[in-house]
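Here are my notes on this one, point by point. Have the model open next to you as you read.

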Amino acid sequence: MSSNSTADNLCAPDDNLCIVREYEQAVIIVPTLLLLASLVTLLALCLLRYCPERKRARTTSPQRYHSSSHRHTRQRSHRHHIQGIDAPPGINPLEHEELPMSVQPVRQNVRPTLAAVRQTSTERHHGAFSQVTLLPLTFSVKPNDTISLYRARMDNRDVILKVLKETANSSERQHFLGFASFVSGLGPHPFLPALLGVVSVQPPLMMVVEELQHRDLLGFLWRCRQDNLGLETSCDMTEKRIFTMAGQVASALEYLHSQGCIHGNVGARSVLVGGDLTAKLWGLGSAHRRRVHATSPGEAEDMEMRKWQAPEVLARRGISQSSDVWSFGILLYEMVTLGDPPFAQIMATELLQYLQRGKQLKRPANCSNTLYSIIRSCCHWNAHERLSMSELIGKLQAGEKSANGRTVLRVPEPLDIGKYLREAGYGEAYNYAVL
């Protein structure tokens, strides 16, 4: 009130300039000074808060920069000489980077745990391969136009090179790299063939897989028939060996199921045999296609080997882990017959109706009650009545302990390829190569 009255006394009522001058200090100067003081205070607080960190950064950054620069230079120099052997869990061919494959060591037991282990990396280059020779197919109805197989040596071990032909289009290249990524993502297992690396940066693209000396189990069983004629005795099959090898395959199959992967193509053609007669499950192409095309209808149309498929797959009602158990029962039948086709007298197109009438696989002449009971338990019409994988492995382990390991299995008839093709229901579009 006093300020207003003083201004009124000093200035005439119509003298606006005088009134502004009288109020200048209270309205303009004082707020401006207060604002400046606030800004100076905030600036001081910021300097107090951040100056120590900046000072520490200045004292350490030259060393850090030098280390980072040296490491970056060394990495670039190292990558300049890498040729591109890798198999990362997620291969991206557009990155043009050499990414090392992660290798996880696991214990060599029948049923490995899924415990996390420390990862190591391996990197290879094209010069690591020696003694590269074309690998002849043991049995092929229609050659694969996009893949070539080679045998080679790498790090003093035999390997198989699955090479994508340079004439492959972009879709085929993407599928090839996708399959390599899928196999790598499954992780290692003692009864899955080891994926040693993938060339994904420059053509020719290739997968590097350990070689198993006896190759596919079906061919191994056929050679056992020849050995029984007196040529050799190295591949004599006994019932005990069947239980041992079947247990190894079942262990791999259980592991795949634990990874959310249904194999869908279990059979002697998809099992590889090592020099020490260790059996390893392969033939993962159908599992990869199912992973990529999860909503694809009609599983039976994707599987040329209809006689190995469970009834629900033949009826296009979907596929499950129990479907793999059915196919595993067929695998046991192949092993005990030394490579006979299942349901030999039934046409593949009539198999579903045959099974609907309650018919089952007939017991082979040289099959024990124990082994045949396991086959029957795997091949129930009702999927819910089939053995679970844990039950199946338990029965195989128990059977191995009591099985005959001395009597060699004999098959009176020699192998007739033409007859086998007819009885197995092969189509001309089927390619037998599993690597």
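1. Start with Leu-272, which sits opposite Lys-280 in β10. Bear in mind that this is a predicted model. The strand pair here is β9 (residues 271-273) and β10, running antiparallel and joined by 3 bridges.

2. Next, have a look at β4 and β5. Strand β4 (residues 147-154) runs antiparallel to β5, and 8 bridges join the two. Arg-151 stands opposite Ile-160 in β5. The hairpin of β4 and β5 has 2 residues between the strands, and Asp-155 takes a positive phi near 55° there.

3. How many of the residues of β5 are buried? Strand β5 (residues 157-164) is mostly covered, with 6 of its 8 residues buried. On to its pairing with β7 (residues 206-210): this is antiparallel too, with 5 bridges joining the strands. Val-159 has Glu-210 in β7 as its bridge partner.

4. Now the charged pairs. The count comes to 7 salt bridges. One of them joins Arg-153 to Asp-158, with the closest N and O atoms 2.9 Å apart. Arg-153 counts as partly exposed because its relative accessibility is 25%, and Asp-158, at 36%, is partly exposed as well.

5. Arg-157 forms a salt bridge with Glu-210, the closest N and O atoms being 3.8 Å apart. This pair links distant parts of the chain, with Arg-157 in strand β5 and Glu-210 in strand β7, 53 residues apart. Is Glu-210 buried or exposed? At 12% relative accessibility, Glu-210 counts as buried, while Arg-157, at 35%, counts as partly exposed.

6. The side chains of Arg-225 and Asp-340 also meet in a salt bridge, at 2.4 Å from N to O. Arg-225 lies in helix α4 (residues 217-227) and Asp-340 in the loop between α9 (321-336) and α10 (351-356), so the pair ties together parts that are 115 residues apart in sequence. Arg-225 counts as buried at 9% relative accessibility, whereas Asp-340 is partly exposed at 28%. There is a network to check as well: salt bridges that share partners join Arg-157, Glu-210 and Lys-280. Lys-280 is the residue opposite Leu-272 in point 1.

7. Please look at the nonpolar surface patch too. Its area is about 910 Å², and the residues that make it include Ile-28, Ile-29, Leu-33, Leu-42 and Leu-48. Leu-42 is found in helix α2 (residues 16-80). Why does Leu-42 count as exposed? Because its relative accessibility is 51%, and the cut-off for exposed is over 50%.

8. Last, the whole chain. Its secondary structure comes to 13 helices and 10 strands. Buried residues make up 43% of the 435 residues. The accessible surface is about 24,100 Å², and 53% of that belongs to carbon and sulfur atoms. Among contacts between residues at least 6 apart in sequence, 67% join residues at least 24 apart.

Conventions: Residues are numbered from 1 along each chain as its sequence is written. This is a predicted model: local features need pLDDT of at least 70, side-chain atom pairs count only at pLDDT 80 or more; totals for chains, interfaces and linings use all residues. Side-chain values use heavy atoms; hydrogens and water are left out. Two strands pair if DSSP finds at least two bridges between them. Helices (H or I, at least four residues) and strands (E, at least two) are DSSP runs, numbered from the N terminus. Patches are made of residues with over 30% relative accessible area and no salt bridge: like charges are joined within 9 Å, nonpolar side chains (Val, Leu, Ile, Met, Phe, Trp, Tyr) within 5 Å. Accessible areas come from the Shrake-Rupley method with a 1.4 Å probe; for residues, only the protein chains shown count as cover. A salt bridge is a side-chain nitrogen of Lys or Arg within 4 Å of a carboxyl oxygen of Asp or Glu. Buried means under 20% relative accessible area, exposed over 50%, partly exposed in between (1.4 Å probe, protein chains only). Contact means heavy atoms within 4.5 Å.
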